[in-house]
Amino acid sequence: MADLHPSIVALVSLAANIASNHPKQGLCQVDRLKHYGVAKEQIDSVIEIARHIRDEAAQSLDAQFDATYAEGFQPAKPKLPVDPFANIAVAGTGGACCTAAKSGQSCC
């Protein structure tokens, strides 16, 4: 296995720290990246993408929670006969894996 350059490891670690809401926020990696000579604009891009992924995940979780929460207040649905075709898989529409960050940069 090929070793990654330390600046790449620091960028990945920074993104993971931000996206996961790690308490240390990746600030140690920022210091390393500055030491390696990584441009502020490149660090800014990684921060933007990581925050976008974090925010997108939070919105998805919130929407899922809200839907499940709302179902708990709906009247009970009548029991329907079992549909033998209910478990047939349906092909997806092939949508994008994520949306673009504010700057328009793709996170995929």
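1. A residue is called buried here if its relative accessible area is under 20% and exposed if that area is over 50%, with partly exposed in between. By that scale Asp55, at a relative accessible area of 36%, is partly exposed. The model under review is predicted, and the points below should be read with that in mind.

2. Overall make-up. The chain contains 3 helices and 0 strands. Read from the N terminus, the order of elements is α-α-α. Of the 108 residues in the chain, 18% are buried.

3. Packing of α1 and α2. Two packed helices are described by the angle between their axes and the distance between the axes. For α1 and helix α2, which covers residues 27–36, the axes come within 9 Å and cross at roughly 150°. An angle over 145 degrees counts as roughly antiparallel, and α1 and α2 are therefore roughly antiparallel to each other. The handedness of the α1 and α2 crossing is left-handed.

4. Loop between α1 and α2, backbone. Most residues other than glycine have a negative phi. Asn21, which is not a glycine, has a positive phi near 60°. Asn21 is placed in the loop that joins α1 to α2, and its side is open to solvent in the sense used above: the residue is exposed, with a relative accessible area of 53%. Gln25 also has a positive phi, of about 60°, and is not a glycine either. Gln25 sits in the loop between α1 and α2, where its relative accessibility of 49% makes it partly exposed.

5. Loop between α1 and α2, the glycine. Which class of accessibility does Gly26 fall into? Gly26 belongs to the loop between α1 and α2, and with 2% relative accessibility it counts as buried, because the cut-off for that class is under 20%. The C-alpha atom of Gly26 is 9.3 Å from that of Leu11, a residue 15 positions away along the chain.

6. Salt bridge in α3. The count of salt bridges comes to 2. One of them joins the side chains of Asp44 and Lys40, with an N to O distance of 2.9 Å. Asp44 and Lys40 are 4 residues apart in helix α3 (residues 40–71), so about one helical turn separates them. The two partners are classed separately: Lys40 is exposed, with a relative accessible area of 57%, whereas Asp44 is partly exposed at 33%.

7. Salt bridge between Asp55 and Arg54. The side chains of these two residues meet in a salt bridge with an N to O distance of 3.1 Å.

8. How far apart in space are Glu48 and Ala15, C-alpha to C-alpha? The distance is 9.0 Å, for a separation in sequence of 33 residues. Glu48 is part of helix α3. Its relative accessibility is 23%, so Glu48 counts as partly exposed.

9. Nonpolar surface patch. Leu4, Ile8, Val9 and Val12 make up a nonpolar patch on the surface, and together they have about 350 Å² of accessible area. Membership of a patch requires over 30% relative accessible area. Leu4 has 55%, which puts it in the exposed class. Leu4 is found in the segment ahead of α1, a helix that spans 6–19.

Technical notes
Residues are numbered from 1 along each chain as its sequence is written. This is a predicted model: local features need pLDDT of at least 70, side-chain atom pairs count only at pLDDT 80 or more; totals for chains, interfaces and linings use all residues. Side-chain values use heavy atoms; hydrogens and water are left out. Patches are made of residues with over 30% relative accessible area and no salt bridge: like charges are joined within 9 Å, nonpolar side chains (Val, Leu, Ile, Met, Phe, Trp, Tyr) within 5 Å. Accessible areas come from the Shrake-Rupley method with a 1.4 Å probe; for residues, only the protein chains shown count as cover. A salt bridge is a side-chain nitrogen of Lys or Arg within 4 Å of a carboxyl oxygen of Asp or Glu. Helices (H or I, at least four residues) and strands (E, at least two) are DSSP runs, numbered from the N terminus. Buried means under 20% relative accessible area, exposed over 50%, partly exposed in between (1.4 Å probe, protein chains only). Axes are lines fitted to C-alpha atoms, for helices over the stretch in contact, and angles run from 0 to 180 degrees between N-to-C directions. Angles under 35 degrees count as roughly parallel, over 145 as roughly antiparallel, 65 to 115 as roughly perpendicular and the rest as oblique. A crossing is left-handed if the near helix is turned anticlockwise from the far one by less than a right angle, and right-handed if clockwise.
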